[in-house]
Amino acid sequence: MSFPPGYRRYYPGTQPRHLHPSYVSSRKRAPLQPLVRLPHTLSEITGPSFEPEIADVKASDLTRQHAGEPLGERIIVSGRVLDENSRPVPQTLVEIWQANAAGRYLHSRDQHHAPLDPNFTGCGHAMTDSEGRYRFVTIRPGEYPWANHYNAWRPAHIHFSLFGPAFATRLVTQMYFPGDPLIPYDPIFHCTDDEKARNRLISIFDWETTIPAEALGYRFDIVLSGRESTPMETHAHGEKS
Amino acid sequence: MSLHATTSQTVGPFFKIGFSWLYRDNLAGPGVSGERVEISGRIVDGDGQPVPDGVIEIWQANSNGKYLHPDDAQKKPIEQGFTGFGRIPTDDEGRFHFTTIKPGRVPGPDGNLQSPHLAVSVFTRGLLRRLVTRIYFPDEPGNNQDFALNLVEASRRGTLIAKKIDGRPGALEWNVILQGPGETVFFEA
């Protein structure tokens, strides 16, 4: 039996290498053996999917998960999830997590001397709509220090996790904010060689989604790996999918 | 128009706050058919130190060798209550533990059936991209002919095959060694 085509491999330079010594945590965790290239089989071109009911309104509004309102600047983070063939990725799960406005995560191992916010957990999830759109309401996360090197500070960022249609399309990334003065010093941001690819991690201030007297809007579009060729093209070459 | 996939970034040290709502360490509830297996192991780094800030995700077929997915066109039955997705965190000692059923065989690119396997993603702080690997089962006659196992040099193949635990039927051990001697085989995503 033959299957639908596999997913595209990374375009050179647009993804980080595993070992990036200036990001100290990669030194003892990055595999040193070359990765084995596995043709995409049914195991890789299929993947988990989730019912839309898994994401309720509260899950995508991080400012309404507690009795009171969280401290900080309310923002709207929205965008589209597309594949490399510019097609929207509908009904796919998007998860986010982030620090609070003071730069502190609600995690037992976060020892940063900054206050927790009893009204902010910092986690959310949403399903993309039929056009691949997602939208979160949250607060702008604070910058925070970390132990990577002397006087190291992470730029403000929101973590994103996406599934896409297949095991092969799974992606975890981070969204940054335009104009953040810490970005040029951040080894995690700089772990990817291709400058354009890096800069696509920086969201764009978005007048359209900004709510008057309420919240600034930031747009962050995400691209997942696309099919090598469409099933239709495969048929055109005489193969049956 | 052709775009490039968004650059991967590390999950960071605190990602369990974002992942925990979807933890699933029992993939096959009561009534799901198939041979029950209990898989446990550890994630360790290049110094042999446990990785407490780790999560593995599982994707697998049901016992008929059918994935719950529209691109699986095989005429095999799906099963109520079985999605094939698992997400399991490591504990402070880097240990993980989950229960599932052994999947059936699914077709491979060489026209032969693949040996039963679980597709695995590994996430930890320090990994700039997820790691992709597979768990195979011991004593499977199909392992010798499995196309993916045969892509791997023989001396490293064992890192992909879970081991039986003496005296505990159905219990298997499989570890993730991120780096160094005995390094687990990882595949290009």
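Me: Which residue stands opposite Ile75(A) in β10(A)?
Reply: Residues are numbered from 1 along each chain as its sequence is written, while chains are lettered from A and ligands numbered from 1 in the order in which they are written. β1(A) pairs with strand β10 (residues 216–219) of chain A in the parallel sense over four bridges; strands (E, at least two residues) and helices (H or I, at least four) are DSSP runs numbered from the N terminus, and two strands pair if DSSP finds at least two bridges between them. In β10(A), the residue opposite Ile75(A) is Leu216(A).

Me: Over how many bridges do β1(A) and strand β4 of chain A pair?
Reply: Strand β4 covers residues 133–139 of chain A, and its pairing with β1(A) is antiparallel. One bridge sets Arg80(A) against Arg133(A). The number of bridges between β1(A) and β4(A) is seven.

Me: How many of the residues of β1(A) are buried?
Reply: A residue is buried if 20 or more other C-beta atoms, placed from the backbone, lie within 10 Å of its own; with 12 or fewer it is exposed, and in between it is partly exposed. By that count β1(A) is mostly covered. Of its 10 residues, the number buried is eight.

Me: Is Gln91(A) buried, exposed or partly exposed?
Reply: Gln91(A) sits in the loop between β1 (74–83) and β2 (93–97) of chain A. Leaving out residues up to four places away in sequence, Gln91(A) touches Pro52(A), Met127(A) and Thr128(A), where contact means that the C-beta atoms, placed from the backbone, lie within 7 Å. Because Gln91(A) has 14 other C-beta atoms within 10 Å, it is partly exposed.

Me: Which strands of chain A stand at the edges of the open sheet of four strands?
Reply: The order in this sheet is β3-β2-β7-β8, with antiparallel pairing. An edge strand has a single partner, so one side of it is left without a neighbour in the sheet. The edge strands of chain A here are β3 (123–127) and β8 (171–176).

Me: Which residue is the bridge partner of Val94(A) in β7(A)?
Reply: β2(A) runs antiparallel to strand β7 (residues 157–162) of chain A, joined by four bridges. The bridge partner of Val94(A) in β7(A) is Leu162(A).

Me: What is the radius of gyration of chain A?
Reply: Chain A has four helices and 11 strands. The globule rule is 2.2 Å times the number of residues to the power 0.38, and the radius is taken over C-alpha atoms. For 241 residues a compact globule would come near 18 Å, which agrees with the chain A value of 19 Å.

Me: Over which residues of chain A is the pLDDT below 50?
Reply: Chain A averages a pLDDT of 93, and 94% of the residues score at least 70. One stretch falls below 50, with 11 contacts in the model beyond near neighbours in sequence. Where pLDDT is low, the predicted coordinates should not be read in detail. The stretch in chain A is residues 233–241.

Me: In chain B, which residue of β6(B) is the bridge partner of Leu118(B)?
Reply: Chain B has an open sheet of four antiparallel strands in the order β3-β2-β5-β6. Within it, β5(B) and β6(B) pair over six bridges. The bridge partner of Leu118(B) in β6(B) is Ile135(B).

Me: Which element gives the largest share of the side of chain B that touches chain A?
Reply: The contact takes 57 residues from chain B and 66 residues from chain A. The elements of chain B that give two or more residues to this side are α1 (16–19) and β5 (117–124). The largest share, five residues, comes from β5(B).

Methods
This is a predicted model: local features need pLDDT of at least 70, side-chain atom pairs count only at pLDDT 80 or more; totals for chains, interfaces and linings use all residues. Two residues are in contact if their C-beta atoms, placed from the backbone, lie within 7 Å. pLDDT is the predictor's confidence in each residue, from 0 to 100.
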